[in-house]
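Please load the model in your viewer and keep the selection panel at hand.

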Amino acid sequence: MMFAVTAAAVLVTMVLTLYRSIKGPTVYDRILGINAFGTLTVVLISVYGFLSGRPDFLDLALVYALINFINTIAVSKYVEFSHMGRPTGGDELGDM
Amino acid sequence: MVFMAVTGFAVARLRNLFGVVMLTGLFSLMSAVLYVVLDAVDVAFTEAAVGAGIATVLMLSTLALTSSEERVSEAEKPMWALGLVVVTGAVLIYGTLDMPPFGDAYAPIHHHVVPRYLEKSGQEVGLPNVVTSVLASYRGYDTLGEVYVIFTAACGVLLIIGRPKRGRRRTLRMLVGEMRHGMRQNVILRVVSKLLIPFILVFALYVQWHGDFGPGGGFQAGVIFAAGFILYALIFDVDTSRMVVPSEVTRLLLALGVMLYAGVGVVGLLRGGNFLNYSVLAQEQAAGQHLGILLVEFGVGLTVAAAMITIFFTFARQEH
Amino acid sequence: MALFLEILSWGLLIIGSMMLIIGGIGMVRLPDVFSRMHGAGIIDTMGACTILLGLTFQAGLSIVTLKLVLIVVFIVFTSPTATHALARAALHGGARPQLGEPVEDDPASQGEASSKT
Amino acid sequence: MEFLGLLNYWIVVVLMMTGFYIVIAHNNLVKKIVGLNIFQVSVFVFYITMAKVKGGTAPILAEGIEIYSNPLPHVLILTAIVVGVATTALGLALVVRIHDAYGTIEDDEIEARENEL
């Protein structure tokens with residue numbers, strides 16, 4: 001049940017980072033949020049593997065760790081060199 | 001699940017396409033977690049490699065080629081669209097009322113051929129991963145079709161934007177020059193990527209050959225393999241990585257993978273079985289199945305990797 | 001020995017969870033990108049790696065342990081690199097760290113001040 | 001209990017409608033492709049939801065496990081995801097081509113450009 005507590009903590013943190021990446025005023029905030037979210041996904045998958053008693057599926061978490069890195073690099077590259085890094089109006093979400 | 005709905009709405013609302021694309025990546029991360037929770041490990045694997053990685057990178061390069069801001073439309077079109085959507089949604093929800101409840105073991109979907117797959121595939125095919133044996137053996141025709149679709153899509157991309165166009169906007173060209181110097185100078189990125197890329201490739205091979213026993217297989221391995229090269233192309237530039245994998249090689253591999261798959265089927269025919277029946281490939285049934293699945297998965301992996309690399313490089317080359 | 005490992009892994013799991021939540025709160029509350037990176041850093045290295053280490057002690061010695069260690073190594077390598085690339089991109093793209101006294105409480109109002117789309 | 005049993009399907013429907021709305025109500029072509037992607041993912045989730053059996057685990061045969069989830073939808077969706085990304089790439093290529101030809105990727109502007117000619 002220790003795993004369940006950890007999984008709950010991961011979920012709570014996921015909500016927090018999700019808030020940041022949806023709301024985040026600049027593009028960089030979003031990237032940061034998504035990077036953190038990816039790491040949390042890695043942790044969650046590992047913990048879930050132990051929670052369900054079949055920890056054979058860690059390949060999956062490994063793939064995530066890799067892909068997340070590539071993703072962040074790609075996004076940073078395109079943002080850095082195409083001047084699309086203007087702050088975007090976070091308030092567009094306000095009327096939801 | 002609720003996370004996903006929220007992100008979906010956010011995607012709908014956001015005007016900046018950059019944010020939209022990144023939220024799409026987030027969306028696919030979440031859906032992959034969901035797949036894990038719902039026991040679909042192989043699917044989650046694929047989604048992880050494809051949705052979060054390749055699709056995002058492709059969309060980003062499209063954005064770099066076009067504009068990144070959505071123009072605000074002033075028409076009142078969204079009203080009827082919203083109405084239509086609400087009506088359709090209501091009808092669909094009415095339809096779900098007849099669905100069997102979640103997780104019901106007696107739902108009709110679990111009856112037809114599936115129990116046979118689960119009980120017999122252990123002896124008939126001899127592989128622990130039922131998904132792989134269904135994918136490559138029982139449903140070999142379907143998978144062959146899918147591989148052809150991927151092949152065709154890669155060819156289509158090559159046909160549509162295969163040749164770099166003259167007269168592209170000059171700003172973009174300058175940008176690319178800047179880009180080339182920018183990332184190369186970044187020592188930390190360069191060193192870490194150089195360290196990582198061999199691991200990525202080795203891991204892709206592991207996924208390829210381990211797919212019979214755990215989650216994995218040709219589709220996933222191909223995508224991961226391509227992701228390694230895409231990382232290389234992102235850190236260094238496209239021309240350098242084109243030297244590593246020339247376009248002729250990827251095109252050749254693209255066709256070779258499909259040919260390998262179909263060829264295994266033809267060999268089965270020649271040895272007196274049906275098309276794509278691997279049992280005749282070796283003396284024993286299980287050994288033949290195993291050999292056939294390995295070869296077929298390898299073909300799939302080749303095609304997928306070559307297709308992804310081709311597509312990405314075609315997009316990236318446009319910037320020159 | 002087994003008991004010791006058990007306690008150790010539980011402790012690591014608890015510490016990791018707390019770190020995750022602290023980092024998450026940091027991500028939400030801190031004023032600008034550069035300080036939020038600290039929150040993300042706590043999540044990535046302290047939180048995730050501690051939890052994964054805790055899981056390692058749970059798993060015993062097998063291929064699972066090897067994979068967990070690999071994941072930890074990957075995260076330790078990639079996450080600071082990614083953050084570094086991001087910080088560079090942010091600096092290039094014109095975001096500036098907010099210096100001096102914190103002006104107000106509302107974390108979301110900083111970046112929008114410069115230019116709205 | 002009945003209500004919980006169908007919740008997953010309802011969220012699938014909501015997601016699907018979100019994607020549908022994006023496709024028909026937005027003019028930007030890239031946005032339309034994103035909408036299509038969301039629609040696609042909702043269909044995937046629908047299939048996977050149907051495949052789940054309560055108390056079952058992933059369909060990888062192992063000692064001492066009796067109940068497995070249904071592997072057939074997994075196979076279908078696995079290939080569908082890769083095919084989905086291939087078709088997405090094709091669509092994006094078309095978008096790039098359209099941008100070359102018309103200088104814009106907004107649906108109505110393209111139409112206006114067409115009428116001028």
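## Chain B, from end to end

Select chain B and follow the sequence, along which the elements run α-α-α-α-α-α-α-α-α-α-α-α-α. That pattern corresponds to 13 helices and zero strands, where helices (H or I, at least four residues) and strands (E, at least two) are DSSP runs numbered from the N terminus. Of the 320 residues of chain B, 57% count as buried, a term that stands for under 20% relative accessible area, with exposed meaning over 50% and partly exposed the range in between (1.4 Å probe, protein chains only).

Before going further, note that this is a predicted model, in which local features need pLDDT of at least 70 and side-chain atom pairs count only at pLDDT 80 or more, while totals for chains, interfaces and linings use all residues. Residues are numbered from 1 along each chain as its sequence is written, chains are lettered from A and ligands numbered from 1 in the order in which they are written, and side-chain values use heavy atoms, with hydrogens and water left out.

## Chains A and D

Switch to chain A, which has three helices and zero strands, in the order α-α-α from the N terminus on. Of its 96 residues, 77% count as buried. Chain D, to be selected next, holds four helices and zero strands, arranged α-α-α-α from the N terminus on, and 61% of the 117 residues of chain D count as buried.

Return to chain B and select residues 140–161, which make up helix 7. This helix has 22 residues and reaches 32 Å from its first C-alpha to its last, close to the 32 Å expected at 1.5 Å a residue; the expected span is 1.5 Å times one less than the number of residues. Colour the buried residues of helix 7 of chain B, among them B:G140, B:T143, B:E146, B:I150, B:G156 and B:I161.

Now select helix 12 of chain B (residues 247–270), whose 24 residues reach 34 Å from first C-alpha to last, close to the 34 Å expected at 1.5 Å a residue. The buried residues of helix 12 of chain B include B:S247, B:L254, B:G257, B:Y261, B:G265 and B:G268.

## Residue pairs in chain B

In helix 2 of chain B (residues 17–37), pick B:M22, which is buried, with a relative accessible area of 3%. Draw a line from the C-alpha of B:M22 to that of B:A52: the two residues are 30 residues apart in sequence and 9.3 Å apart in space.

Then move to B:A48 in helix 3 of chain B (residues 41–65), a buried residue with a relative accessible area of 1%. B:A48 and B:M79 are 31 residues apart in sequence and 36 Å apart in space, C-alpha to C-alpha.

## An aromatic pair

How many aromatic pairs does the structure hold over all chains? There are three, a pair being rings of Phe, Tyr and Trp (its six-membered ring) with centres within 6.5 Å, where planes under 30 degrees apart count as stacked, over 60 as edge-to-face and the rest as tilted. One of them is formed by B:F225 and B:F229, which are edge-to-face at 5.6 Å centre to centre, with 65° between the planes. Both residues lie in helix 10 of chain B (residues 218–235), four residues apart, about one turn of the helix. B:F225 is partly exposed, with a relative accessible area of 25%, whereas B:F229 is buried, with a relative accessible area of 14%.

## Helix packing in chain C

Select helix 1 (residues 2–29) and helix 2 (residues 33–59) of chain C, which pack at an angle of about 165° with their axes 7 Å apart; axes are lines fitted to C-alpha atoms, for helices over the stretch in contact, and angles run from 0 to 180 degrees between N-to-C directions. Helix 1 and helix 2 of chain C are therefore roughly antiparallel to each other, since angles under 35 degrees count as roughly parallel, over 145 as roughly antiparallel, 65 to 115 as roughly perpendicular and the rest as oblique.

Finish at C:S9 in helix 1 of chain C, which is buried, with a relative accessible area of 0%. C:S9 and C:F57 are 48 residues apart in sequence and 5.6 Å apart in space, C-alpha to C-alpha.
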